[in-house]
Amino acid sequence: MSDTREFKLPDVGEGLTEAEIVSWKVKPGDAVKVNDIVVEIETAKSLVELPCPFGGTVAELMVPEGETVAVGTPIISVSTGAGGAAAPAEAAPAAKAAPDESVIETPPDDEAIEPGLIGGPAPGGRTSVLVGYGPRTTEAKRRPRKGAGSGVSSAAARQDVNAAFSTAPTRAPEVQAEEAEEAAPVVPAAKGSPQPIRVLAKPPVRKLAKDLGVDINTIEPSGPGGVVTRADVEAVANGAVAAPAAMVPARAPGAEETRIPVKGVRKMTAQAMVSSAFTAPHVTEWVTLDVTRTMRFVKRLRQQREFRDVKVSPLLVIAKAVCLAVRRTPEVNATWDEAAGEIVLKHYVNLGIAAATPRGLVVPNVKNADQLSLRELADALGELVATARSGKTQPAEMAGGTFTITNVGVFGVDSGTPILNPGETGILAVGAIRKQPWVVGNRIRPRDVTTLALSFDHRVVDGEQGSRFLADVAELLQDPASALLY
């Protein structure tokens, strides 16, 4: 006789309470092994594939696709076939069967496992095992984060910037003389790495994290003594900058209206935007500028051998300009800590990039973007956008952002007033780049022109600071060679 076991919807390490069944990867009668992917679910933040915690034959799919169920609800039953033939009555009792729960060995010292993943740390000093089994009550040895000690030195960073913005064989004649001028580089401020993960927080903050669907164990603390604050939770809770048009279902014949359930990424987006709009006093400043030299620089980069196998767009130069401008105005890369009554300046830039996906807009971020060379930044942006559009962005990739860029120009929009991600102080909207008449040397010429809009938290950034930051970004885009001065 076989043993039928039920797999219950687990908390996938985000502290969430429900999820939608998006698609089943198996059907009744299929054979599955331990850790085979059986279902794809959508949480409030991302799509997640769930492995089966035991092997056997699929007996029943207990929840249909498209239905939202609470954590702990049985979603699939599997016949494990563990019973075997019946033993004679007089036979000695069989030895106690070993549990088929897989043991997760401790990874090597150079491999870090994020909290909430299989084999990673879980609350209470335990170790996560297979999804659905819950944590194993053993002591978890915390590993250092990957890349925590691999920051690029300030000297190397200056060399990367200088190399990226230096002369190229195909440079335009009109900018050749300007690029030949060599400016003494300014030594950048020392960069700090994010502090280690700690699980210290007051009960109200823990409740807020639970209400917003945030796993507090993955939050980078900014409070005194490594305490997770309310602002930290709100910063991680952001799911997007703004919501694009909803995926509208087919109109029913004769229907005068269509109702779209608010769930998943769109539900988190709404909560984050309401929280931001009614918490931080927004101020927006605009600047229209000539980016012809940036467009020429992008064209020359595409012709260089080092960049031929990677996507090079104006967004790459804009991202680098933001990272450089932050050095002069660190207030735009900060957090307002309401509980502690402090402004927390971040000595690293986790640069968020708004990406439109079929399920809504998400904002994953490039960790320590300010420490990357131009080629490394191009690789990171390409991977980030590709992952987001495929719907595979994980919560950890959207957590901990410090500044955001939203490129509304790809939709042909000149610019807009962006809303801050909760917990962040600045967000830059980039408008469409168009050929427009522009005065150059007392003559009107066609030039590439765009508009930038910077929204900032007026509690942290005053008008002078916001204006200086926006002017620095504009200067770098008007003349990329000015990066040598940073």
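Student: Is Arg-468 buried, partly exposed or exposed?
Tutor: Buried means under 20% relative accessible area, exposed means over 50%, and partly exposed is in between (1.4 Å probe, protein chains only). Arg-468 has 30% relative accessibility, so it counts as partly exposed. A word on the source: this is a predicted model, where local features need pLDDT of at least 70 and side-chain atom pairs count only at pLDDT 80 or more, while totals for chains, interfaces and linings use all residues. Residues are numbered from 1 along each chain as its sequence is written, and side-chain values use heavy atoms, with hydrogens and water left out.

Student: Which residue forms a salt bridge with Arg-468?
Tutor: A salt bridge is a side-chain nitrogen of Lys or Arg within 4 Å of a carboxyl oxygen of Asp or Glu. Here the partner is Glu-464, with the closest N and O atoms 2.4 Å apart. Both residues lie in helix H10, four residues apart, about one turn of the helix. Helices (H or I, at least four residues) and strands (E, at least two) are DSSP runs, numbered from the N terminus.

Student: How many salt bridges does the structure hold?
Tutor: There are twelve. One of them joins the side chains of Arg-447 and Asp-290 at 2.8 Å, N to O. Arg-447 is in strand E22 and Asp-290 in strand E12, so this pair ties together parts 157 residues apart in sequence. Arg-447 is buried at 12% relative accessibility, and Asp-290 is buried at 11%.

Student: How should I read a nonpolar core?
Tutor: In soluble globular proteins, nonpolar side chains tend to be buried together. A nonpolar core is a set of buried Ala, Val, Leu, Ile, Met, Phe, Trp, Tyr and Cys residues joined through side-chain atoms within 4.5 Å. The largest one here has 51 residues, and Leu-351, Ile-405 and Leu-428 have the most contacts inside it. Helix H7 gives the most to this core, eleven residues. Apart from it lies another core of 20 residues, including Ile-21 and Phe-54.

Student: How many aromatic pairs are there?
Tutor: Rings of Phe, Tyr and Trp (its six-membered ring) pair if their centres lie within 6.5 Å; planes under 30 degrees apart count as stacked, over 60 as edge-to-face and the rest as tilted. This structure holds one such pair. The rings of Phe-403 and Phe-469 have centres 5.5 Å apart and planes at 55°, so the pair is tilted. Both residues are buried.
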